[in-house]
Amino acid sequence: MKFETEYRTLGKVSGPLLVVNAIKNAGYGEITKIRLDSGEERLGQVIETADTYAVVQVFGPTSGISIKSTSVRFTGDTFKLGVGEEMLGRVFNGQGKPKDTNAAFAVEKERDINGEPMNPTARRMPSDFIQTGVSSIDGLMTLVRGQKLPIFSGSGLPHNRLAAQIARQAKVVGSKENFAVVFAGIGITYDDASFFIENFRKTGALKRTVAFMNLADDPSIERILTPRLALTTAEFLAYDKGMHVLVMLTDMTNYCEALREMASAREEVPGRRGYPGYMYTDLASIYERAGIAEGRKGSITQLNIVTMPGDDITHPIPDLTGYITEGQIFLSRELNNKGLYPPVNPLGSLSRLMNNGIGAGKTREDHRGVADQLYGAYARAQESRSLSAIIGTEALSETDKLYLKFGDDFEKEFLAQGEDEDRSIENTLDIGWKLLSELPEGELTRIKSEHISKYHFKHRGSAPKESPKASAETKREEEKEEKKQPAKKAAGKKSGGRRKKR
Amino acid sequence: MGIIERISGPLVVAKEMLGASMYDVVRVGSAKLIGEVIKLEGERAIIQVYEDTNGVRPGEKVVSTDTQLSVELGPGILSQIFDGVQRPLNMIKAKTGIFIRRGSDVNSIDRKKKWQFHADKKAVKGARVTEGTIIGYVEETPLIKHYIMVPQGVNGRIESIKSGKMSVEDTVAVVKTGRGMAKVSMLQKRPVRQAARYAEKIAAEVPLITGMRVIDTLFPVAKGGTAGIPGPFGSGKTVTQQSLAKYSDANVVVYVGCGERGNEMTDVLTEFPELKDPTTGRPLMERTVLIANTSNMPVAAREASIYTGITIAEYFRDMGYNVALMADSTSRWAEAMREISTRLEEMPGEEGYPAYLPKRVAEFYERAGRVKTLDGGIGSVTVVGAVSPPGGDLSEPVAQSTLRVVKTFWALDAALASSRHFPSINWLSSYSLYTGALQGWYDKNIGEDFTSNRNRTQALLQKEAELKDIVQLVGEDALPDTERVLLGVGRMVRENFLRQSAFDPVDAFTSLKKQNIMIGTMLHFGDKAEEAARKGVSAENSLELDVVKEISRMKEIPEEKIDAEGGKINEQIESQFKKLVAEHGMEEEVKA
């Protein structure tokens, strides 16, 4: 039963909050319609209720709201979104109203936008390998269907380009299932929004996409709704329509800032850096809506973008995100400044579900070992680099020199690739082997002996068919590098070179 | 009995509640949400609600159940997964599908299932029983005999007792007490916020064997001890906790997923039934109880989940079992406390946490311990709590409160994790205060060299760290061969002993015996290499011996072959060094 009562008993307006007096028993979380003098209607939600008053939060600006003439109607219901398959190909605003045309679409179900927590016993463990065609991701922080893997980035880094490349290339090898993209722009600029839309249009993915756009100049309070609308739509497409949905929420930093704005308007006790103490729980209610459910065909994979304020990974937004999501893809300014695309730094990145999606029958049996070894070797290369910065390259031990070279080659050949380059997982692993083959075999302690004898280039009869590229150009550059090195020698110690007293 | 006056998130104020007592469980609103009275002000009661309060209205009713927040204990509890207030998630799934609906009213323990109850030989008519006396058992799983104990508050003589197939609510015995006849069934209830009684606490002097080399050899925890694992995200807290749940030699494992990822619980749920207990070959799930309040489940139930877990753990302890409780993560529990406290408008302490946080943390860890039970047996609860400090900064209140009470500290290190060194427990900043108490056990069961090997390993790693600092300044070449050998051996220990794959079937669990052989062999190699260096053999020549590769593969040797293969490797060390020294060594020792 829906009963709507209209009140003209506004007592107070403060920030986005209204206090409505002399009302009877408004429900917690109930949706209200606020009618202005001009006849314009805005949405609001009850955030505190008592037997004599209710506090309503307005979605949108409060300009024009007056104590005297504004009326508030209580709808008797919580926020619901009408969803339907015809939403595919459409663009909505941050409150879920069509933005592209006024054409209506067939509403199949009405869903509470807050969703419900999925029962952990009803979850199915994500284990389908998604090939993004990006070596760093596929090889080292493998994405699987149903995972939530954000991109930790910074302002000015190419996270949008990488996200778009992943959206373009992502596929589960050997499957032709129904897919969809749900995109939520949260407080992003018009330019960024149109970059994504154009990208989807060019690749023909637009007709499989539902977009929700809350732009930078839209009311920030709306940003609380936008990701929830997107996920409610995604849940419908995944669990009712059996589609594999890729959800992209960008930028979660804007979401958190809206949350902070709302909390301070409510005069709540602030937590770290002014963000509310419940931000972890709130973010979890968004991120945890990724997954696969038992007995349902579809899945929800989240690839969200978090720009780290000041590139600081300990800032509450990336920090709390990292505690909830199943890993992160970490973009590095240093690699970006070297001109590397995509500037994914493996050392800060991680995929917690990687193990479920790789190995024999999924990618290749040696994947785990190769990934671990590449991680270890790249970490060691960093040590060698900092060592050589202090004592000079010449004074390094032979092994350290090998690692130094490995580090450079790894960045040039493994991490770097073209924006339209779609590498197969076999190719990715073989590039890894090629790089590892330059190291002494005794250093490869993280790979099983049987895999070394099967895949190590030295033990393979011939080079693999899809030969990993090592262009003549890079080799020339290396030579140049080597020639430069003697100049650094001065910084090093004299007693280099010799060692083996055989 | 009462009427809702105000609602703010998980906090509900109800009036006309005179007669309700603190911590009474109440049913809130027409949806009958579960709540608990946490404050009384005149006729008003302030209630924390364990479910989402959306749509609840002032004017709806609040009904008290006149009981405190309790858990139900009895056969049928093992292999189960419960939410924070002990509702079985499987039953909820059967009722409401893949999503958890509110107000689901289901029994924690299956009432219908019949269990074969075997009366204890000593529990005959006229036998004197008191609270905690074991009167019989049910073979709940092939791994665990579920002992039936006389519940709290019942003391007297057995009037009658019978074996047979019964459901948990059926009377198995009647006890004649001072206040009349008391019926005893297999089901009992215990309030979660009170520690269960025991006869006395006794010294924790047996190690909890975890199969993780860095823990067992360097930083062990005793059965009945406490350990804290703080670390930033991605440093491997959960993998470490799960490895402990899988391989530790506790009889019963209670795993509390407190405010963590849903998929992690799913992972446990899919993996544990397939994993076999190393000693009995039965599925690990048969000795496990899971409590799941994932991060998107109601926050107030998160506060309760830790207590639910420890109360279940104490119950099995009272049967004489060694129980291990993993709490992942206690920070989420503390945050839930903070959220409730903020809504109560309590004066905040450090970083907004309530001033009583340190006390609550200490109280919780104090429920761990090795005890003489009321029945006269010996049982223990080991508590391992993960802490997720914001930004990895250990100076925050939850980490600090934890470190003050726990006796083992496993410091997870983000730098190790990012270079994929797992378990990423830092060997320089971690500590265990149990090593002294456990030495007697090691001497007797493993060998007297175990403790000396540990001490030598720690000294070696410490020295290695110091040398690495010097190398940073002057380069490795500037060091004498004896020290460069030490760097090599340090690296060998780190890479091949401390590093361990949780995903490789052979490597994931290493027995103490194999651990001792491995580390003994590496130290042996170190001694020989140092000796050779003093005789003028270069560090490179020593570290490039064929046997080094053999040592690095020791972790791949199966348990049953370790004696033979280990012996062989040690012989090779002897012979290869002998040859090396003969070829490259000088007659006289060089002074380092």
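Reader: Is B:Arg491 buried, partly exposed or exposed?

Author: This is a predicted model, in which local features need pLDDT of at least 70, side-chain atom pairs count only at pLDDT 80 or more, and totals for chains, interfaces and linings use all residues. Residues are numbered from 1 along each chain as its sequence is written, chains are lettered from A and ligands numbered from 1 in the order written, and side-chain values use heavy atoms, leaving out hydrogens and water. Buried means under 20% relative accessible area, exposed over 50% and partly exposed in between, with a 1.4 Å probe and protein chains only. B:Arg491 has a relative accessible area of 30%, so the residue is partly exposed.

Reader: Which residue forms a salt bridge with B:Arg491?

Author: A salt bridge is a side-chain nitrogen of Lys or Arg within 4 Å of a carboxyl oxygen of Asp or Glu. For B:Arg491 the closest N and O atoms of the pair are 3.2 Å apart, and the partner is A:Glu443.

Reader: What does the pair of B:Arg491 and A:Glu443 join?

Author: Helices (H or I, at least four residues) and strands (E, at least two) are DSSP runs, numbered from the N terminus. A:Glu443 counts as buried at 14% relative accessibility. B:Arg491 lies in helix α12 (residues 481-498) of chain B and A:Glu443 in the loop between α12 (425-436) and α13 (449-455) of chain A, so the pair joins two chains.

Reader: How many residues apart in sequence are the parts that A:Arg380 and A:Asp400 tie together?

Author: A:Arg380 is buried at 17% relative accessible area, and A:Asp400 is buried at 5%. They form a salt bridge with the closest N and O atoms 3.4 Å apart. A:Arg380 sits in helix α10 (residues 367-391) of chain A and A:Asp400 in helix α11 (residues 398-415) of chain A, so the pair ties together parts that lie apart in sequence by 20 residues.

Reader: Where do B:Lys359 and B:Glu363 lie?

Author: Their side chains meet in a salt bridge of 2.9 Å, N to O. B:Lys359 counts as exposed at 53% relative accessibility, and B:Glu363 as partly exposed at 37%. The two are 4 residues apart, about one turn of the helix, and both lie in helix α7 (residues 357-366) of chain B.

Reader: At what angle do helix α6 of chain B and α7(B) cross?

Author: Axes are lines fitted to C-alpha atoms, for helices over the stretch in contact, and angles run from 0 to 180 degrees between N-to-C directions. The axes of α6(B) (residues 330-343) and α7(B) come within 11 Å and cross at roughly 135°.

Reader: Are α11(B) and α12(B) parallel, antiparallel, perpendicular or oblique to each other?

Author: Angles under 35 degrees count as roughly parallel, over 145 as roughly antiparallel, 65 to 115 as roughly perpendicular and the rest as oblique. Helix α11 (residues 449-474) of chain B packs on α12(B) at about 120°, with the axes 9 Å apart. The two helices are therefore oblique.

Reader: How far apart are the C-alpha centres of domain 1 and domain 4 of chain B?

Author: Domain bounds come from an automatic or database domain assignment. Chain B is divided into domain 1 (2-68), domain 2 (110-186), domain 3 (200-431) and domain 4 (449-591). The C-alpha centres of domain 1 and domain 4 of chain B are separated by 64 Å.
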